Amino acid sequence: MPNWTPFRSGEDPDPRFTLANERTYLAWVRTATALVASGLGLEAFGGDLLAPAIRVAMAALLLVAGGVIAIAAFVHWISAERALRAGGTLPVPVMAPVVGVVLVICATVLVVGVVNS
């Protein structure tokens, strides 16, 4: 794709910043993959640990969170690269609070489920 340039404006930033931005993106993609794998694993191998409705709801939460994190990571990567090229302020990451909330919900449900079983 010789004529396709995703970032047409601004100047090329220091390659270290671009590569750091890419590593951050890939770390968030790994996190999203882990959430999706956790949701699938919970549903496939959760057994009788939790009631079926709770297990399905928690698996769905993990799957949706993984998808949201993957999309948000891509949007953040593009926004950060544009900010680097324009010499502007980097965008605020929104993914960390989402992951934190999802993990607190899942941990709470698991603790309650284990204690009650």
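How many aromatic pairs does a search of the whole structure find? The search, carried out on a predicted model, finds three aromatic pairs, and two of these are described below once the overall architecture has been set out.

The protein chain is built with three helices and zero strands, and its elements follow one another along the sequence in the pattern α-α-α. With a radius of gyration of 19 Å, well over the 13 Å that the globule rule gives for 117 residues, the protein chain is more spread out than a compact globule. Along the principal axes, the C-alpha atoms of the protein chain fill a box of roughly 60 × 30 × 20 Å. When contacts in the protein chain with a separation of 6 or more are considered, residues 24 or more positions apart account for 71% of them.

Helix H3, which runs over residues 95-116 and has 22 residues, reaches 32 Å from its first C-alpha to its last, a span close to the 32 Å expected at 1.5 Å a residue. Within H3, the residues Met95, Val99, Val102, Cys106 and Gly113 are buried. These residues lie on the same side of H3, because they cover an arc of only 70° around the axis. The buried residues of H3 pack against helix H1 (15-45) and against helix H2 (52-86). On the other side of H3, by contrast, Pro97, Val101, Val104, Val115 and Asn116 are exposed.

His76 counts as buried, because its relative accessibility of 17% falls under the 20% limit. Leaving aside residues up to four places away in sequence, His76 touches Pro91, Val92, Pro93 and Met95, and Met95 is also one of the buried residues of H3.

The aromatic pairs can now be considered, given that a pair of aromatic rings is described by the distance of the centres and the angle of the planes. Of the three aromatic pairs in the structure, one is formed by Tyr25 and Trp77, whose ring centres are 5.7 Å apart and whose planes meet at 35°, so that the pair is tilted. Because Tyr25 lies in helix H1 and Trp77 in helix H2, this pair ties together parts that are 52 residues apart in sequence. Tyr25 counts as partly exposed, at 22% relative accessibility, and Trp77 is likewise partly exposed, with a relative accessible area of 22%.

Trp77 also takes part in a pair with Phe74, and this aromatic pair is tilted as well, with 5.8 Å from centre to centre and 40° between the planes. Phe74 and Trp77 are separated by about one helical turn, because they are three residues apart in helix H2. Phe74, for its part, has a relative accessible area of 42% and is partly exposed. Taken together, Tyr25, Phe74 and Trp77 form one aromatic cluster.

Methods: Residues numbered from 1 in each chain as written. Predicted model: local features only at pLDDT ≥ 70, side-chain atom pairs only at ≥ 80, totals over all residues. Heavy atoms only, no water. Helix = DSSP H or I, 4+ residues; strand = E, 2+ residues; numbered from the N terminus. Expected span 1.5 Å × (residues − 1). Buried < 20%, exposed > 50% of the residue type's maximum accessible area, 1.4 Å probe, protein only. Arc of directions from axis to C-beta. Contact = heavy atoms within 4.5 Å. Rg over C-alpha atoms; globule rule 2.2 N^0.38 Å. Phe/Tyr/Trp six-rings, centres within 6.5 Å; stacked < 30°, edge-to-face > 60°.
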